[in-house]
Amino acid sequence: MALVALAALLPALGALDRPLCVFRAATGLPCPGCGLTRASLALLRLDLGAAWSAHPLVLVVTPLLAWAFLAAGARALGRSAPGPEGLSRATWIGLGAALLLVWGLRLAAGAHPDVG
């Protein structure tokens with residue numbers, strides 16, 4: 001039920017004209033995950049161009065996070081989650097490294113849509 005409520009709130013949060021990101025509020029720069037909410041919403045609409053433009057790792061990050069949240073929710077309800085028990089530490093480290101690499105490249109190239 002909490003996941004459904006969160007999913008219902010995401011479009012409303014995206015419509016606000018204020019940064020909700022603590023990193024962005026503190027530094028004025030987009031964080032490594034900036035654009036992932038918009039990218040995920042575009043992915044749900046099957047607008048792959050807009051999803052890629054908002055964040056190029058959307059096709060990796062969104063499915064992994066969705067699976068991790070659903071598996072955690074199933075375990076919290078006492079149900080078995082499909083697949084392995086959880087994502088490995090190496091997967092999380094690799095995902096974090098990829099986010100930092102893409103973030104740095106987008107900032108260095110002046111190609112981050114949230115700068116300006």
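Predicted model: local features only at pLDDT ≥ 70, side-chain atom pairs only at ≥ 80, totals over all residues.
View 1. The secondary structure amounts to 6 helices and 0 strands, which gives the pattern α-α-α-α-α-α when read along the sequence. Of the 116 residues in the protein, 25% are buried. Among contacts with a separation of 6 or more, 48% are between residues 24 or more positions apart.

**View 2. Helix 5 runs from residue 58 to residue 76.** Let us follow this helix from end to end. Helix 5 has 19 residues. From its first C-alpha to its last it reaches 26 Å, close to the 27 Å expected at 1.5 Å a residue. Which residues of helix 5 are buried? They are Val58, Val61, Thr62, Ala68, Ala71 and Ala74. The cover over these buried residues includes helix 3 (36-44), helix 4 (48-54) and helix 6 (89-108). After helix 5 comes Gly78, and the phi of this glycine is positive, near 80 degrees.

View 3. Val60 has a relative accessibility of 42%, so it counts as partly exposed. Leaving aside residues up to four places away in sequence, Val58 touches Leu36, Ala39, Ser40, Leu43, Ala51, Trp52 and Pro63. One of these, Ala39, is 19 residues from Val58 in sequence, with 6.1 Å between their C-alpha atoms. For Val60, a residue to look for is Leu95: the two are 35 residues apart in sequence and 8.5 Å apart in space, C-alpha to C-alpha.

**View 4. His55 sits in the loop between helix 4 and helix 5.** This view turns to a loop residue. His55 has a relative accessibility of 1%, and because buried means under 20%, this histidine counts as buried. What does His55 touch, not counting residues up to four places away in sequence? Its contacts are Pro32, Gly33, Cys34, Gly35, Leu36, Ala39, Leu99, Val102 and Arg106.

**View 5. Phe23 and Trp103 form an aromatic pair.** The count of aromatic pairs comes to 1. The ring centres of Phe23 and Trp103 are 5.9 Å apart and the ring planes are at 75 degrees, so the pair is edge-to-face. Distant parts of the chain are linked by this pair: Phe23 is in helix 2 (residues 22-27) and Trp103 is in helix 6, 80 residues apart. With a relative accessible area of 32%, Phe23 is partly exposed.

View 6. One of its members, Trp92, lies in helix 6. Trp92 has a relative accessibility of 37%, so it counts as partly exposed.

**View 7. Leu101 is an exposed residue of helix 6.** You can find Leu101 in helix 6. The relative accessible area of Leu101 is 54%, and because exposed means over 50%, this leucine counts as exposed. Pro32 is 69 residues away from Leu101 along the chain, and the C-alpha atoms of the two are separated by 8.6 Å.

**View 8. Leu46 has a positive phi in the loop between helix 3 and helix 4.** The last stop is another loop, the one between helix 3 and helix 4, where Leu46 lies. What is the phi of Leu46? The value is near 65 degrees, a positive phi in a residue other than glycine. At 71% relative accessibility, Leu46 counts as exposed.

Definitions and conventions: Residues numbered from 1 in each chain as written. Heavy atoms only, no water. Helix = DSSP H or I, 4+ residues; strand = E, 2+ residues; numbered from the N terminus. Expected span 1.5 Å × (residues − 1). Buried < 20%, exposed > 50% of the residue type's maximum accessible area, 1.4 Å probe, protein only. Contact = heavy atoms within 4.5 Å. Phe/Tyr/Trp six-rings, centres within 6.5 Å; stacked < 30°, edge-to-face > 60°.
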